[in-house]
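Look at the sequence and the model below. Then read on for a short tour of its core and its salt bridges.

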Amino acid sequence: MKLKQRVVLLAILLVIFIFTKVFLIDNLDTSAANREDQRAFQRMLAGLRVALDPRLEHTLQSPWEIAAQWVVPREVYPEDTPELGAVMHAMSTKRIIKADVGYKGTQLKALLILEGGQKVVFKPKRYARDYIVEGEPYAGYDRHNAEVAAFHLDRILGFRRAPLVVGRFVNLRTEIKPVATEQLLGTFMTVGNNTCFYGKCYYCRETEPACADGDIMEGSVTLWLPDVWPLQKHRHPWGRTYREGKLARWEYDESYCDAVKKTSPYDSGPRLLDIIDTAIFDYLIGNADRHHYESFQDDEGASMLILLDNAKSFGNPALDERSILAPLYQCCIIRVSTWNRLNYLKNGVLKSALKTAMSHDPISPVLSDPHLDALDQRLLSILATVKQCTDQFGPDVVLVEDRMTLSHL
């Protein structure tokens, strides 16, 4: 064999060796990552039941201090949270020392200060569990139980981007009115034998108060994020116009995602993948109202998209608003870890897991069975959407590795 032929043969063999090695390493890495996803899923299932227990062992810190220390740029609470039950117990039972009208927004809420100085947002019950909200997917009042269910779904999906939420019963006469500000107190009234209030917000009306059952009002409380983590508000790139006859660009431009990918912070970093995770989350809960979103301030796109304000969810179990999934089917990318988690949750696992996770909440049962059934059906639609993407573009393009070390960004 001539020298030139030998050199060519050696070069071919070297190329084959390099490609083989890279392929094997990639497969080993993927396999290791998939195994870790499976282990994380099993850990999640093992810790689903959160008994509301006041005991805090091995620490002298208050539950509020513990929850504040959990927050990092890419998660609100860690995967391993043995103190979660104690924090949620405190949220549902600690004495209310001040009550005020809620922060700016369109829906009725109250801002409460609990013993120890912790702020929480209280959203009152407006609907029975089996009430169907008709009309547009974002119609109706906020649903307090939707906040509770969305928090536990966030745990199950492994995102850990939603603030802590728990159900709570409050006595408006003895717990709220004695510590209410004049602004809030001025919105109280009696309707029949029930104590009611209508608060201060864009859509708050004296003619549409939230009423207790007598003096006892069911609601949800959401833990306020620590003040050392100020929030920055962003317009959602797939937000709706909320104007009849006027479409947003994403509703008619099939190449819209290409334009999004060229703009900051979606041109680099984790934000676009967070948007797609959120679209999946919102589709499962039926939330078509995420016109804005929050991240931590001055994050340059590195921190998470925080899953705040999920109360326009679980309104109609028969309505599957596919447009919520637009970021997924227009961009056709998804995190491998999210894809793995969704596959682990099929065949009824999602419904069962969420029912178990919510079973210890003070306002349990949190959701009616039709809403739980709808989750499993919507999951199948998500999996089918990703399959359409992989059939068109291939799994190497659609399934994106994005496994950042959460606490070291």
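The model is predicted: local features need pLDDT of at least 70, side-chain atom pairs count only at pLDDT 80 or more, and totals for chains, interfaces and linings use all residues. Residues are numbered from 1 along each chain as its sequence is written, and side-chain values use heavy atoms, without hydrogens and water.

**The core.** A nonpolar core is a set of buried Ala, Val, Leu, Ile, Met, Phe, Trp, Tyr and Cys residues joined through side-chain atoms within 4.5 Å. Buried means under 20% relative accessible area, exposed over 50%, and partly exposed in between (1.4 Å probe, protein chains only). The largest such core has 104 residues. I280 is one of those that touch the most other members. Domain 1 (71–223) and domain 2 (231–400) both contribute residues, so this core lies between them. The domain bounds come from an automatic or database domain assignment.

**The salt bridges.** A salt bridge puts a side-chain nitrogen of Lys or Arg within 4 Å of a carboxyl oxygen of Asp or Glu. The count comes to 23.

| Pair | N to O distance |
|---|---|
| R129 and E218 | 2.6 Å |
| D253 and R249 | 2.9 Å |
| D320 and R378 | 2.7 Å |

R129 and E218 are both buried. D253 is buried at 15% relative accessible area, while R249 is partly exposed at 42%. D320 is partly exposed at 36%, but R378 is buried at 2%.
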